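Biologist: Hello! Could you walk me through this model and tell me what stands behind each label you use?

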Amino acid sequence: MKQLDPLARVFLSLLGVAFILTFLVRDTAHFSYDYKKGQPWKYDNLYAQFDFPIIKSDEQLLSEKVNFQEKVVPYYKFSSDQVNKALRQAERLELGRYKSAVISDLRTIYDKGIVGDDGVGENVDVIYVQKDKRAAKRPASDVYRLSDARTKLLDDMRAISGEATDSIFRELGVFDLVVPNLVFDKQTTDLVSAREGNAVSPTAGFVSSGELIVSNGEIVTSEVFQMIDSYKKEYEASLGRSSSRFLFWLGNLLVLIAILTVFYFVIRFTSPDIMFDSRFYYLLLVFFIFAATTLIVVRFNETCLYLVPFTLAALFLNAFFRPKVIMAVYIVSLLPLLVYAHNGMVPFMMFLTSGVVSIFVFKRFHKGWRQFVSAMLNFAVLVIVFFAFRLLDAVHEEPLRVVIYLFLSSLLCVLGYPLVFLFEKIFNLVSSSRLIELCDTSNPLLRELEKKAPGTFQHSLQVMNLADAAARSIDANVNLVRAAALYHDIGKVENPQCFVENESLIDKPEADKYHASLTPEQSAQDIIKHVSDGIHLAKVNQLPDVVTDFIRSHHGTSKVGYFYNIYLNNGGDPANAGWFTYDGRRPRSKEEVILMLCDSLEAASRTLKDYSPESVSAFVERIIKSKMDEEQFEESDITISEISTVRETLKNYLAQMHHERIVYPQRNKEKQIKAKQ
């Protein structure tokens with residue numbers, strides 16, 4: 001099966017990430033206006049694009065429900081048993097000629113209904129009365145309180161018999177026959193009250209399509225705020241329609257593709273050498289992790305964004321890449337936060353600032369317990385920026401909760417950092433600790449180099465020391481340069497006798513030397529082959545890609561000058577210069593430039609006869625000029641100023657490396673003997 005072109009794999013990866021992230025976007029539209037009650041509307045006039053109801057606020061709904069509950073309509077059940085019992089008792093009383101009048105009056109009073117003196121509140125106007133399984137509303141004034149019912153019976157009897165009957169009726173217990181026959185039903189009262197409370201309308205009006213909601217500069221009052229909120233809810237809910245939903249997802253996909261396009265070109269411009277190896281996919285993974293986390297948190301609970309350790313993304317990048325790559329990719333990784341979070345500018349600026357500070361601080365506080373110092377500094381930066389925005393009235397979250405979230409986020413940076421070592425293994429990357437391990441000369445590959453090509457091994461050690469000094473002078477990656485110097489000529493293990501530093505250790509006639517029987521073209525090809533052999537050995541021994549790049553670029557596209565000059569002196573055609581040209585690539589980083597210079601200088605310095613400062617200075621100038629004339633630095637990010645600094649550093653180092661020593665005088669033995677005599 002034919003493998004995909006590397007560029008095609010990159011584009012498919014970017015497109016796949018865009019599709020996955022699209023499905024993580026919240027399924028509601030993002031209302032892009034930021035508004036606050038009491039603040040002026042800072043946008044253009046806002047008109048309704050569709051009809052929508054004005055939704056009451058939670059406070060309004062609660063207030064109306066409370067008002068309903070305060071106007072509860074009591075529910076009573078008519079007790080026929082109580083009426084019949086009272087009438088039977090009246091039949092048994094010795095009331096003489098007043099019996100029929102008393103019974104008739106009792107029936108009339110009971111028919112209207114009697115409640116206890118504390119039964120119906122003063123503010124109650126209406127009650128429910130259930131009689132014969134049918135309930136009906138009745139004015140509260142139509143029923144008697146117990147005291148009023150007894151007074152009514154007394155007044156009616158006085159009208160018939162006069163004042164003398166009062167004592168007789170009281171003695172016979174006539175007034176005791178008047179008791180409440182309307183029984184309060186609390187359960188039904190509560191049920192009816194709850195049902196009516198729930199029936200409170202959730203809307204407070206209606207806005208038609210095309211109607212002005214708020215104009216530019218208008219103060220957002222409570223009423224205007226309620227209209228905008230209602231429009232926002234309807235706007236977000238409108239995506240439930242299939243046509244709108246399709247456009248919504250399409251728009252999100254295009255936005256994410258735009259962000260990933262920025263991601264692609266950021267890497268292309270800052271470090272094109274990593275576009276087609278595992279480092280690119282590591283960068284894409286870091287972007288995906290934090291972009292996906294942003295979208296998931298925004299979808300379910302935006303406040304928890306302060307809990308996400310976005311600063312950890314900067315630390316993940318800082319472990320393996322140069323500052324310009326780190327900053328560019330980190331900013332792009334925060335773009336989903338800026339685009340999809342409500343008021344996303346605040347967390348974007350918070351974590352951007354903390355990330356920049358953490359990259360600087362982590363270099364000094366990255367070992368052991370010092371990581372907690374770094375975490376606390378990160379926490380302090382986040383809190384300061386948060387309260388700065390709060391002073392501007394740009395955030396309204398509860399400060400204590402946000403501070404707690406930011407503290408936990410800072411601790412998560414410490415807890416999550418060990419994942420760097422897992423990523424290092426998965427993507428064959430190289431961290432500072434890994435580089436230090438590679439510089440251990442006791443590892444098997446370097447031991448093999450020392451055994452099979454001892455001259456090359458010594459050359460590599462000297463190049464390492466030269467490169468170390470040069471890298472420190474311009475603040476380059478010292479550990480990377482040291483490791484690259486040790487492995488840059490590892491390919492010479494495959495054919496060590498081809499190289500003079502190894503062959504010269506063996507005492508053999510000149511005619512038996514390796515290149516004696518070869519043409520210049522053959523000799524050049526054998527020498528050039530050590531680059532491809534080195535790349536092969538690097539892959540077999542799983543050296544990091546970033547170290548392999550030094551093997552590929554340490555000769556750039558220069559020529560094997562010694563044999564090329566012999567070829568030309570023998571009448572060779574310059575058009576065949578390709579036979580003598582290394583098929584590597586030009587250096588792209590300042591570290592690769594340093595290695596190229598140090599490799600050439602160390603090898604050529606062995607041919608010097610005079611190591612005076614003037615001679616060394618001219619020698620270094622000549623080597624650097626030859627590389628520049630061959631345009632070997634054209635693709636690198638090293639500046640003229642940095643080349644100048646490296647030049648002076650290498651001059652001083654070479655002069656000190658080949659410093660003169662005083663000649664010890666020989667002792668005169670004859671004078672010593674005479675002195676003893």
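Modeller: Gladly! Buried residues make up 45% of the 677 residues in the protein chain. The model is predicted, so local features need pLDDT of at least 70 and side-chain atom pairs count only at pLDDT 80 or more, while totals for chains, interfaces and linings use all residues. Residues are numbered from 1 along each chain as its sequence is written, and side-chain values use heavy atoms, with hydrogens and water left out.

Biologist: What makes cysteine 413 count as buried?

Modeller: Buried means under 20% relative accessible area, exposed means over 50%, and partly exposed is in between, with a 1.4 Å probe and protein chains only. Cysteine 413 has 5% relative accessibility, so it counts as buried. Cysteine 439, at 16%, therefore counts as buried too.

Biologist: How many disulfides does a search of the whole structure find?

Modeller: It finds zero. The test is a pair of cysteine sulfur atoms within 2.5 Å.

Biologist: How many helices and strands are there in the protein chain?

Modeller: There are 28 helices and 10 strands. Both are DSSP runs numbered from the N terminus: helices are H or I with at least four residues, and strands are E with at least two.

Biologist: What is the span of helix α13, and what is expected?

Modeller: Helix α13, residues 345–362, has 18 residues and reaches 25 Å from its first C-alpha to its last.

Biologist: Which residues form the nonpolar patch on the surface?

Modeller: Met376, Leu400, Ile404, Phe407 and Leu408 form it, with about 430 Å² of accessible area together. Such areas come from the Shrake-Rupley method with a 1.4 Å probe, and for residues only the protein chains shown count as cover. Patch residues have over 30% relative accessible area and no salt bridge; nonpolar side chains (Val, Leu, Ile, Met, Phe, Trp, Tyr) are joined within 5 Å, and like charges within 9 Å. A salt bridge is a side-chain nitrogen of Lys or Arg within 4 Å of a carboxyl oxygen of Asp or Glu. Helix α15, residues 399–416, gives the most to the patch, with four residues.

Biologist: Why is leucine 400 called exposed?

Modeller: Leucine 400, found in helix α15, has a relative accessible area of 56%, which is over 50%, so it is exposed.

Biologist: Which residues is isoleucine 219 in contact with, leaving aside its neighbours within four places in sequence?

Modeller: Those are Gly38, Gln39, Pro40 and Val224, where contact means heavy atoms within 4.5 Å. The C-alpha atoms of isoleucine 219 and proline 40 are separated by 4.2 Å, although these residues are 179 apart along the chain. Isoleucine 219 lies in the loop between β10 and α8, and its relative accessible area of 43% makes it partly exposed.

Biologist: What is the phi of glutamine 542?

Modeller: It is near 55°, a positive value in a residue other than glycine. Glutamine 542 sits in the loop between α22 and α23, and it is exposed because its relative accessible area is 53%. Glutamate 631 also has a positive phi, about 60°, and is not a glycine.

Terms used
The expected span of a helix is 1.5 Å times one less than its number of residues.
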